[in-house]
Amino acid sequence: MSHTTGTDVIICGTGAAGLTLAIDLARRNVAFLLIDKAPQPFVGSRGKGIQPRSQEVFEDLGVIDRIVASGGEYPVQRIYTDDGPIDQVGVEMSEPTPEEPYQIPLLVPQFLTERRLRERLAELGHAPHYGHELVGFDQDADGVTARIATPDGEQAVRAAYLIGADGGSSFVRKTLGIGFPGKTLGVRAIVADVYVDGVSSDAWHRWGEDTAGQVSMCPLYGTDMFQLQAPVPFDVDLDLSAEGLTTFFRERTGRDDVVIRSVSWASAFEMNARLADTYRRGRVFLTGDAAHCHPPTGGQGLNTSVQDAYNLGWKLAAVLDGAPESLLETYEQERRPIAEAVLGLSERLLEAARNRDIHRGREVSQLDLGYPDSPLSLHTPQRDKGVLAGDRAPDAPVTGAGGLPTRLFSLFQGPHWTLLGHDVDDASAPAPRAGLHIHTIGSRGDIADTGDRVRSAYGLSAEQWVLIRPDGYLAAVVDTADLAGIETYLDTVGVRPLAATRPTTTESSTGMPTEPPSDSTGTPRTRREHRQARTAAEQRLTTAQRELHQLSRQVQRDLRSVRRHGETTAIVARSNFAELAVRSINRLTANLRTDRTDRTNQ
Ligand SMILES: Cc1cc2nc3c(=O)[nH]c(=O)nc-3n(C[C@H](O)[C@H](O)[C@H](O)COP(=O)(O)OP(=O)(O)OC[C@H]3O[C@@H](n4cnc5c(N)ncnc54)[C@H](O)[C@@H]3O)c2cc1C
């Protein structure tokens, strides 16, 4: 085995879950290794339904238009009966609204979705490593050491976290000994991507009255192929060649005008509904099908996998950047109940499909999923209308103060948190923090509420603020008077005041700008050096004032806490610190004054 190399995160599996996570980590500058045991990308169409909520995720990740252009909308369902074909609308579609810009499920073959995700990943400077199989791993308090079989031999890679995005028969889940209880649903099916003559591409064609005789052909938009699906008995050998599938199709439908010319990919699978007992053991997490598997009815599996990864990405990045470890516990707390509900939904839809009821409503869109019971949802007792903490943040058209139209989703796009003040005084906004974008809507705000859509979509009154998580869910809605609570909240999720963030290369370890040049005594010699020294001192003063502002807010919070709970230790320590900060500001101000006087006298 070669020597150990290191990274922050190892992602095992390059399906939709692994790729989504990789893109999210890449745009957050987290180091990772993305591996797959397959020699090349997956070529099958299986997870072809992209639901509206996943489309919103793909917009945030910068790939939605390419994915839309790769496929199409669901066609009408054409059901062949003894009395002739009947067209039915299978998927209930509403018109897009300003609040829900994506309402229509897309039909995109899985291999094309994954190709677009890989292209996005490449733009961010990363590529998956195919032919790299995870064959073992050990973890300790500080990290995980993974053993990876590569074409060049076995390698050991050390990382802070390992993510099992390795599909339904997950090696990671099995190695951890995590249970995967559930049931086999007593359905075996074939799915094949075929080139076929004799079928039109304007409809999803369905034949067969009873379950055992069903077979369907769905056009795979973005390609010239169709996806053939059919339930098959458990105890028969299947011939998945073009000839074998043509014969199978003729036997089921009696149609000899349909000929399957060639098969691009084919598989036979058993339907399961299973949920992992836990999504995490120590520094190893499960995501996507590794954590849950569903029957394909309702097109939920890939979508749930993408949204798992999207939930995990920002939390991993935040913890690697110093946020409390407990943030990672919310991944399972938020995502496992979602998977549980999705399992129930896809089983119900499977049962309906057995009875030829193929109608799907809003519940498959995943737009109404949220995290109201999450510890990350900060509920305020006085708020009982409009969107609440844990809900999906709606979109709305807005206009920038510069006069150009934009949308809330454009303001949210990227890895940051967003704080939106509605009809607020700009001066009440909290101090800026790295990783937080603050926008105010109002007469002196940077954003105008075009057509009053933000107020109505969110149910806001004047002097209210909405905190939106990086993954587009509401963290809290508070009044201006309660903004201190938002600042404490941000501290706990790793969005810290500037002085507390990691120093950048242009800052010293104290977070202050580096000193300008001076002689060995530290005294500036030339006018230019004087000017530089003064600029540096002014910057230090601004930083110190900002810190003092934050400290005074903290002290106010502490005072309230002392009144409520009688805690005194923290407040005493903080008051001492505040006093020191005040003295330091006074000293800096005096230095500046001296500097100004010196310059005037020169
Ligand atoms: C017939 C069918 C139709 C479906 N239709 C839909 C649909 O319409 N909509 C929908 O949302 N979902 C659908 N699904 C489900 C969807 O395909 C899956 O939910 C989705 O692929 C899960 O993505 P994933 O990234 O979690 O896992 P996968 O796509 O399974 O990817 C796992 C990857 O991990 C790799 N791997 C495994 N073990 C290792 C290892 N030890 N080392 C390295 N790599 C490893 C594998 O090679 C694989 O590439 C359908 C599924 C089927 C079978």
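## Close-up views of a predicted model

**View 1. Helices H2 and H7 at their crossing.** H2 passes H7 in a left-handed crossing, where left-handed means that the near helix is turned anticlockwise from the far one by less than a right angle, and right-handed that it is turned clockwise. This is a predicted model, in which local features need pLDDT of at least 70 and side-chain atom pairs count only at pLDDT 80 or more, while totals for chains, interfaces and linings use all residues. Residues are numbered from 1 along each chain as its sequence is written. Helices (H or I, at least four residues) and strands (E, at least two) are DSSP runs, numbered from the N terminus. Helix H2 (residues 52–60) and H7 pack at an angle of about 40°, and their axes are 9 Å apart; axes are lines fitted to C-alpha atoms, for helices over the stretch in contact, and angles run from 0 to 180 degrees between N-to-C directions. H2 and H7 are therefore oblique to each other, given that angles under 35 degrees count as roughly parallel, over 145 as roughly antiparallel, 65 to 115 as roughly perpendicular and the rest as oblique. Arg53, Ser54 and Val57 of H2 meet Asn303, Val306, Gln307 and Tyr310 of H7, and two residues are in contact if their C-beta atoms, placed from the backbone, lie within 7 Å.

**View 2. Helices H1 and H7 side by side.** Helix H1 (residues 16–27) packs with helix H7 (residues 301–320) at an angle of about 30°, with their axes 8 Å apart. H1 and H7 are therefore roughly parallel to each other, and their crossing is right-handed. Among the residues making this contact are Ala16, Ala17 and Thr20 of H1 and Val306, Tyr310 and Trp314 of H7. By class, the contact of H1 with H7 has 12 nonpolar, 3 polar and 2 charged residues, where Ala, Val, Leu, Ile, Met, Phe, Trp, Tyr, Cys and Pro count as nonpolar, Asp, Glu, Lys and Arg as charged, and the others, Gly among them, as polar.

**View 3. The shell around the ligand.** Of the 34 residues around the ligand, Gly13, Gly15, Gly167, Gly288 and Gly301 come nearest; a residue is near a molecule or strand if its C-beta atom, placed from the backbone, lies within 6 Å of it. H1, strand E2 (32–36), strand E9 (133–139) and H7 each supply at least two residues of this shell, and the largest share, 4 residues, comes from H7. By class, the shell has 13 nonpolar, 14 polar and 7 charged residues.

**View 4. Glycine 386 and its partners.** Glycine 386 is found in the loop between helix H8 (326–354) and strand E20 (397–400). Leaving aside neighbours within four places in sequence, glycine 386 is in contact with Tyr458, Gly459 and Leu460. The C-alpha atoms of glycine 386 and glycine 459 are separated by 4.1 Å, although these residues lie 73 residues apart along the chain. With 18 C-beta neighbours inside 10 Å, glycine 386 counts as partly exposed; a residue is buried if 20 or more other C-beta atoms lie within 10 Å of its own, exposed if 12 or fewer, and partly exposed in between, with C-beta atoms placed from the backbone.

**View 5. Two aspartates with positive phi.** Aspartate 423, in the loop between strand E22 (417–422) and strand E23 (436–441), has a phi near 50°, a positive value in a residue other than glycine. Aspartate 452 has a phi near 65°, which is also positive, and its place is in the loop between strand E24 (447–448) and helix H10 (453–458). With 9 C-beta neighbours inside 10 Å, aspartate 452 counts as exposed.
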